[in-house]
Amino acid sequence: MTETKPKDVKTIIKEAEDIKCAVQRSIYLMNEFLDGPMCGRCLPCPMASYEMRVILTRMSEGEGKPGDVEAIKRLAPDMQELSMCKRGKDIAGFILDLMESSQGEFESHIEKACPAKECKALFTYKVIPEKCTICGDCLDACKDNAIIGEKRLSYKSGYLPFEIADERCTRCGECIKVCKYGAIEEVDEKELAEVTA
Ligand code: SF4
Ligand code: SF4
Ligand code: SF4
């Protein structure tokens, strides 16, 4: 049986370039690194990378805990120092660089906000009633039947602004693209929690 050759770290980093969210990018790197397959020749590398993947995934799902960012900041340097090969050291180094350059993006996820709007659990789509002209364009764009509303007809009155059914919304963003009136917004879970508090 032929052994699958793991992807080199440069390739993994290049593949992740289009991912804007630093947490999502880190998850991609960890997934590719661990599933690559992981060689497991020394202990600190798989242990730290598995643990970082668990923490990062929880952060992206809105389940981040205080201390999670600090835990990654402890795990990554340990992994960088104790890994036996360049591959392990490079991945840990890249995560550390990302944390340093991301200007609080990791911390934002603990507060349930994804600045790049790529962690779907951390934001929601809302129609701003004052801006909605009831044109119905979003209704046609939404393939998931998540838009609630009736398109305005010139001979009828008494329409209500459109709404979005959050439980059906897949965060695809198509409605925002077609709304000419800027009546749909991405709202952080953090902001929603503050409004409803
Ligand atoms: S540091 Fe290198 S040798 Fe050690 S488990 Fe990771 S990939 Fe394998
Ligand atoms: S496209 Fe915009 S303005 Fe038109 S119905 Fe939808 S939310 Fe309202
Ligand atoms: S983000 Fe996508 S699924 Fe959600 S309401 Fe808009 S078009 Fe529909």
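Biologist: Which residues surround ligand 2?

Modeller: In this predicted model, ligand 2 is surrounded by Cys-132, Thr-133, Ile-134, Cys-135, Gly-136, Asp-137, Cys-138, Phe-162, Cys-179, Tyr-181, Ala-183 and Ile-184. A residue counts as near a molecule or strand if one of its heavy atoms lies within 4 Å of it. Residues are numbered from 1 along each chain as its sequence is written, and ligands are numbered from 1 in the order in which they are written.

Biologist: How many residues of each class does the shell around ligand 2 have?

Modeller: The shell around ligand 2 has nine nonpolar, two polar and one charged residues. Here Ala, Val, Leu, Ile, Met, Phe, Trp, Tyr, Cys and Pro count as nonpolar, Asp, Glu, Lys and Arg as charged, and the others, Gly among them, as polar.

Biologist: Why is the pair of Phe-123 and Tyr-125 called edge-to-face?

Modeller: One aromatic pair is found in the whole structure. In that pair, Phe-123 and Tyr-125 lie 5.7 Å apart, centre to centre, with 65° between the planes. Rings of Phe, Tyr and Trp (its six-membered ring) pair if their centres lie within 6.5 Å, and planes under 30 degrees apart count as stacked, over 60 as edge-to-face and the rest as tilted. The pair is therefore edge-to-face.

Biologist: What makes Phe-123 count as buried?

Modeller: Phe-123 has 2% relative accessibility, and buried means under 20% relative accessible area, exposed over 50%, partly exposed in between (1.4 Å probe, protein chains only). Phe-123 therefore counts as buried.

Biologist: Why is Tyr-125 called buried?

Modeller: Tyr-125 is called buried because its relative accessible area is 5%.

Key:
Predicted model: local features only at pLDDT ≥ 70, side-chain atom pairs only at ≥ 80, totals over all residues. Heavy atoms only, no water.
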